[in-house]
Amino acid sequence: MSDKTLTAADVLLSPLEQEEMIGQLTAMAGALDDWYQKEGRQLPWRTESTPYHVWLSEIMLQQTRVEAVIPYYHRFLEAIPDIAALAKADDMQLAKLWEGLGYYSRVRNLKKGAQQVMEQFGGQLPDNIRDLRAICGIGEYTAGAIGSIAFGIREPAVDGNLLRVTSRLLAAEGDITRPQVKKAFHDILYTAMSFFPSSLYPGDFNQAMMDLGSGVCTPSQPACHSCPVREYCLACTRDQAELFPVKSAKKARRVEEKTILVIISDDHLMLRQREEKGLLAGLWEFPSLDGKLTVEQTAQQLDSMRIQPVRLVALSESRHLFTHIEWQMTGVLAICKKGCKFPDEWQPVTLAQLEESYPVPSALRVYRKAAVEWMSGGISGFFCE
Ligand code: SF4
């Protein structure tokens, strides 16, 4: 079957089954809500669910675990308490507040979105899905989350958790990595939500599904025995929970090998800014060389740049996984004399500036830690010699 012709009927086998499954989701929603009211997670953005709080938390939670997000969320709100402050925040301050969370385009889009909200919506997030979707960085999932949680709109927030739980509840065969299947799931959930009693708050339904997916209906070994909706779950009834969801294999990541240069001269560390577009756009990084080089090979390449360090030390290897790319890295610490000339695009920064002002991606954390230890005179376990 081609992607073009795939419909909700293809995902759920037949119109009759679709109808039954909408009924099944509707019946299940009450039991799920009872469980959520008693067992739902107490999260900071749930105690104060203004549209801005929901928006910020949902953007931070993309690709990031709840436990990792919480301290960032508090720190960010302290510095940037509302949409007006976000719209005029300094880019470097935002990147620093986001440092370590990864996927930095999220915070750049958040600011652009805030500027749009100030210009087009009088400083208030709009209370309808169409306008929410028009805001920079707000896709279908985030619009569903903000709309349902902050404004009570009957709209599913279809993320990986919701897809997994729904595909198991319905024992649906469609490959959830295909946009057409995702759309079909969205439509089934959307229709089911329109049948929910008015006492069932749409935002609670979405958050209950998120909590179920994160704590009970987990990707592997779902806890069906303690699941509040097991009696409505087709995959569980058939003892096939682990067969769902259906997913096609991911493409292998492209591997990039690098030698990270931690170059220190006269109490300054050399950083350079990444391009304004693409991976880790605009962040600051250590200069690097292509390939995983030995200390001797690194010395030769530095020499060809007229840089002659007085000491070179090998650093540990590390790797970092991005969505489509894998960095395999080694590092070399190079101590250079005071007054040594470096390329113009390299920026000398002090330790205090590194800590307070320069956002460095977490992919480089091993080398950053080595630099900090060296510059603060500590003993490092990161050096290989
Ligand atoms: Fe998931 Fe099992 Fe609950 Fe079904 S019964 S929703 S498979 S945890």
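1. Asp266 is partly exposed in this predicted model, at a relative accessible area of 39%. This residue sits in the loop that joins β1 to β2 (268-273). Most residues other than glycine have a negative phi, and the backbone here deserves a look.

2. Arg306 also has a positive phi without being glycine, with a value near 65°. The residue belongs to the loop between α15 (295-304) and β5 (311-321). Because its relative accessibility is 72%, above the 50% cut-off, Arg306 counts as exposed.

3. The peptide bond running from Phe244 to Pro245 is cis, and its omega is near 0°. Pro245 is placed in the loop between α14 (234-237) and β1 (254-265). For reference, most peptide bonds are trans.

4. As to the overall fold, the protein chain contains 17 helices and seven strands. Its C-alpha atoms fill a box of roughly 75 × 45 × 40 Å along the principal axes. Among contacts with a separation of 6 or more, 70% come from residues 24 or more positions apart.

5. On burial and surface, 51% of the 385 residues in the protein chain count as buried. The chain exposes about 19,000 Å², and carbon and sulfur atoms supply 49% of that area.

6. On charge, the protein chain carries 41 positive and 48 negative side chains. The centres of these two sets lie 4 Å apart.

Definitions and conventions: Residues are numbered from 1 along each chain as its sequence is written. This is a predicted model: local features need pLDDT of at least 70, side-chain atom pairs count only at pLDDT 80 or more; totals for chains, interfaces and linings use all residues. Side-chain values use heavy atoms; hydrogens and water are left out. Helices (H or I, at least four residues) and strands (E, at least two) are DSSP runs, numbered from the N terminus. Buried means under 20% relative accessible area, exposed over 50%, partly exposed in between (1.4 Å probe, protein chains only). Contact means heavy atoms within 4.5 Å. Accessible areas come from the Shrake-Rupley method with a 1.4 Å probe; for residues, only the protein chains shown count as cover. Lys and Arg count as positive and Asp and Glu as negative; His and the chain ends are not counted. The place of a charge is taken as NZ of Lys, CZ of Arg, CG of Asp or CD of Glu.
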